[in-house]
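Here are my notes on this one, written as numbered points. Keep the structure open while you read, and look up each residue as it comes along.

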Amino acid sequence: MSAYQDKIKKEFQNKGYTVLKIIRLSDSGYPDLLAMKIGEPDTWIECKESKDTLKELQKFRIDELNKLGKRAFCTQDTKGIIYPF
């Protein structure tokens, strides 16, 4: 887990979320973290280091999750949320 990813995980845990690091699912492209809390939609978070880029498949998965009523986004170190805008 990267330092930035660990920082985001701790931020959500401090807000009362249970946060899981998604290592491998049967399909590729899903966000790195899944944050869950009673009364809140599941939140999927893709974490990117400052020089890393978001792939098209990752954008597709974020869009797919949002259409399902989940909350999904990509955050980048030093920039905050970069997708969706």
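1. Start with the right-handed β-α-β unit, which is made by S3, helix H2 (residues 56–67) and S4. Bear in mind that this is a predicted model. The two strands of the unit, S3 and S4 (residues 71–76), run parallel and are paired through six bridges. If you want a spot to check, cysteine 47 sits opposite threonine 75 in S4.

2. Now have a look at S3 itself. Is it buried or exposed? Six of the six residues in this strand (residues 43–48) are buried, so S3 is largely enclosed by the rest of the structure. In a regular strand, side chains alternate between the two faces of the sheet. Here both faces are covered: on one side Thr43, Ile45 and Cys47 are buried, and on the other so are Trp44, Glu46 and Lys48.

3. Strand S2 (residues 33–36) is antiparallel to S3 and joined to it by three bridges.

4. Next, pick out leucine 65 in helix H2. With a relative accessibility of 6%, leucine 65 counts as buried because the cut-off is under 20%. Which residues does leucine 65 touch, leaving out those up to four places away in sequence? They are Tyr30, Pro31, Trp44, Lys70 and Ala72. Leucine 65 and tryptophan 44 are 21 residues apart along the chain, yet their C-alpha atoms are separated by 8.0 Å.

5. On to charges. Side chains of opposite charge can pair when their charged atoms come close. The structure holds seven salt bridges. One of them joins aspartate 42 and lysine 70, at 3.7 Å from N to O. That pair ties together distant parts of the chain, 28 residues apart: aspartate 42 is in the loop between S2 and S3, and lysine 70 in the loop between H2 and S4.

6. Compare that with aspartate 6 and lysine 10, whose side chains meet in a salt bridge of 3.1 Å, N to O. These two are four residues apart in helix H1 (residues 3–14), so about one helical turn separates them.

7. Last, there is a network of salt bridges linking Glu46, Lys48, Asp52 and Lys55. Within it, lysine 55 and aspartate 52 have their closest N and O atoms 3.6 Å apart. Lysine 55 is partly exposed at 42% relative accessibility, and aspartate 52 is partly exposed at 34%. Glu46 and Lys48, on the other hand, are buried in S3.

Notes
Residues are numbered from 1 along each chain as its sequence is written. This is a predicted model: local features need pLDDT of at least 70, side-chain atom pairs count only at pLDDT 80 or more; totals for chains, interfaces and linings use all residues. Side-chain values use heavy atoms; hydrogens and water are left out. Buried means under 20% relative accessible area, exposed over 50%, partly exposed in between (1.4 Å probe, protein chains only). Two strands pair if DSSP finds at least two bridges between them. A crossover is right-handed if, with the strands pointing away from the viewer, the path from the first strand over the helix to the second runs clockwise. Contact means heavy atoms within 4.5 Å. A salt bridge is a side-chain nitrogen of Lys or Arg within 4 Å of a carboxyl oxygen of Asp or Glu.
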